[in-house]
Amino acid sequence: MMGYRLDRLAVLIVDDNQHMRSLVRTILESLGVTQIMEARDGAHALEKMSQTQIDLLVADWNMEPMDGLDLTRHLRTSPESPDQFVPVIMLSGHTERARVMQARDAGVTEFMAKPVSARSLYARIVSIIENPRPFVRTSDYFGPDRRRQMLPFEGPDRRKASGGADLTKAGQPLTGEQQAALKRTKDAIRSMQKS
Amino acid sequence: MSGDKPKGAVEVIHPPNKIKARVGPAGKGMDPNLLARAEAAMAKAQEQVDFPAQALPELNRAAEAVSLLLSDRENQTKHLNTLFNIVHDLRGGGGNFGYPLITRIGSMLCRYLEGRTTVGMAEVEVLRSLVDAMRAIVTNKLKGDGGTVGQELCAGLERLVG
C-alpha cells in the first residue's frame, strides 16, 4: 500500500520534557518524517518558526514560560504570527472534557491525550491531511471551525464520573471512612518503603 | 485579528491544504505496515527510558511543595500550582514509560486539586499520602498494574480522595 510522503513534512515538537520529545520524534521518524525540529516551550517554538517553515506542530500543553495554549493563541491571533493556519496537535495529560474544550477554543486543530501512542499520532496526522477544517473568524475567535468535533479524547471523563472534588468540604476534617483509608494507605506505603 | 469583527458576524476561510500538497495524492488512510513499524520503534524507545530516575527528583519537589502548604500558608496557591504542574507532567509520562499507577494516582491528585486555591490540614494529609504513594511506586520500580500491592494501594487512595 502506498502511503503519504510524510518525508516531505517539516514538523516541530514542542515539549519541556526531553523524554517525551524523544518519544514523539521516534514515532515521527518511523512514519518517515525526516525534517523534525524540537523546542522546549512556546517561546522557543516561535523562535524556531521565525527561522524555518513548519508544516505541523505537535505541542504539549503544560510548559513554562509559554504553554501550548498560549502558543496556539499567539499563532492564531497575533499580528506577529509566523503562520496563523499551521495545524497544531495538542498533547496533554488532561483528559477532562472541559480541558479539551479549552484547547479547542484556543484554536488547536487536534487534541491528543497522553499516553502518546503511534496509532493516535498517525491518525491525527492523516486526519489533518484528509479532512482539513475551514477556519472561522468571529468577534472573539479565530481558528479551525469548532463545529467539527476534534477526535474524541481517550480515557473516561473521570471528573464527570466522580463529580470532582467536593469543594463544600474544603478545609473540613476527614470523615471516619477517609481516616481509615488514610491509615491503611500509610501502612501500605510504609511496608513498601521497608521492603 | 479576531477582535475587529462585528459581534455575530462569521467569516469562513478555506485556506489552501498545504500539507496535502506536500505529502502527495497517493496515500489514503493509515498504512498498516508503517504503523506497525512506528509501534515497534516506540516500544523499543520506551524500554530505554529510566522513568524512576526522571520521576523521583520531581516527586521530591512535589513533597517539598506539600510541606510548604503548611509552613508557608500565605503562598498556598503558588505551592498548589507547583504541585499540580509537577504531578500533571508525571501522570502524562507514567503511562508512556511503564508506570500506569503513576498516571492513576497522579490523576487522583490533579482531580483533587481542581478548583482548590487553599487547603487545610486534612487536605494536606491527603496530598501527602498521594505523593508518598507515588514516591514508593517509583522507588520500588512498581511497573504495570503493580500487582496486589499496587491495586490495594490505589483502591485505598481512591477511597481517600472520595
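**Figure 1. Burial and fold of chain A.** Of the 195 residues of chain A in this predicted model, 44% count as buried, a residue being buried if 20 or more other C-beta atoms lie within 10 Å of its own, exposed if 12 or fewer, and partly exposed in between, with C-beta atoms placed from the backbone. Chain A has 7 helices and 7 strands; helices (H or I, at least four residues) and strands (E, at least two) are DSSP runs, numbered from the N terminus. Along the sequence, the pattern of chain A reads β-α-β-α-β-α-β-α-β-α-β-β-α-α. Two residues are in contact if their C-beta atoms, placed from the backbone, lie within 7 Å. Among contacts in chain A between residues at least 6 apart in sequence, 63% join residues at least 24 apart. Residues are numbered from 1 along each chain as its sequence is written, and chains are lettered from A and ligands numbered from 1 in the order in which they are written. Local features need pLDDT of at least 70 and side-chain atom pairs count only at pLDDT 80 or more, whereas totals for chains, interfaces and linings use all residues.

**Figure 2. Helix α1 of chain A and its surroundings.** The 13 residues of α1(A) (residues 18-30) should span 18 Å at 1.5 Å a residue, and the end C-alpha atoms are 18 Å apart, which agrees; the expected span is 1.5 Å times one less than the number of residues. Buried residues of this helix are A:Met20, A:Leu23, A:Val24, A:Thr26, A:Ile27, A:Leu28 and A:Ser30. Their cover includes β1 (10-14), β2 (35-39), β3 (56-60) and α5 (118-130) of chain A, together with α2 (32-47) and α4 (76-94) of chain B. Just after α1(A), A:Gly32 adopts a positive phi of about 105°.

**Figure 3. The nonpolar cores.** A nonpolar core is a set of buried Ala, Val, Leu, Ile, Met, Phe, Trp, Tyr and Cys residues joined through C-beta atoms within 7 Å. In the largest core, of 51 residues, A:Leu12, A:Ile27, A:Leu57, A:Val58, A:Ala59 and A:Met90 touch the most other members. Helix α5(A) provides the largest share of this core, 7 residues. Apart from it lies another core, of 43 residues, including B:Phe51, B:Val119, B:Val138 and B:Leu142. Beyond its neighbours within four places in sequence, A:Ile27 is in contact with A:Ala118, A:Leu121, B:Ala38 and B:Met42.

**Figure 4. The contact between chains A and B.** Chain B contributes 66 residues to the contact and chain A contributes 70 residues. On the side of chain B that touches chain A, α2(B) gives the most, with 9 residues. Strand β6 of chain A (residues 135-137) and β1(B) run antiparallel and are joined by 3 bridges; two strands pair if DSSP finds at least two bridges between them. A:Arg137 has B:Glu11 as its bridge partner in β1(B).

Figure 5. B:Asn75 lies in the loop between α3 (51-71) and α4 of chain B and is partly exposed, with 13 other C-beta atoms within 10 Å. The C-alpha atoms of B:Asn75 and B:Asn96, 21 residues apart along the chain, are separated by 33 Å. The mean pLDDT (the predictor's confidence in each residue, from 0 to 100) of chain B is 91, and 97% of its residues reach 70 or more. The predictor assigns the complex an ipTM of 0.81 and a pTM of 0.83.
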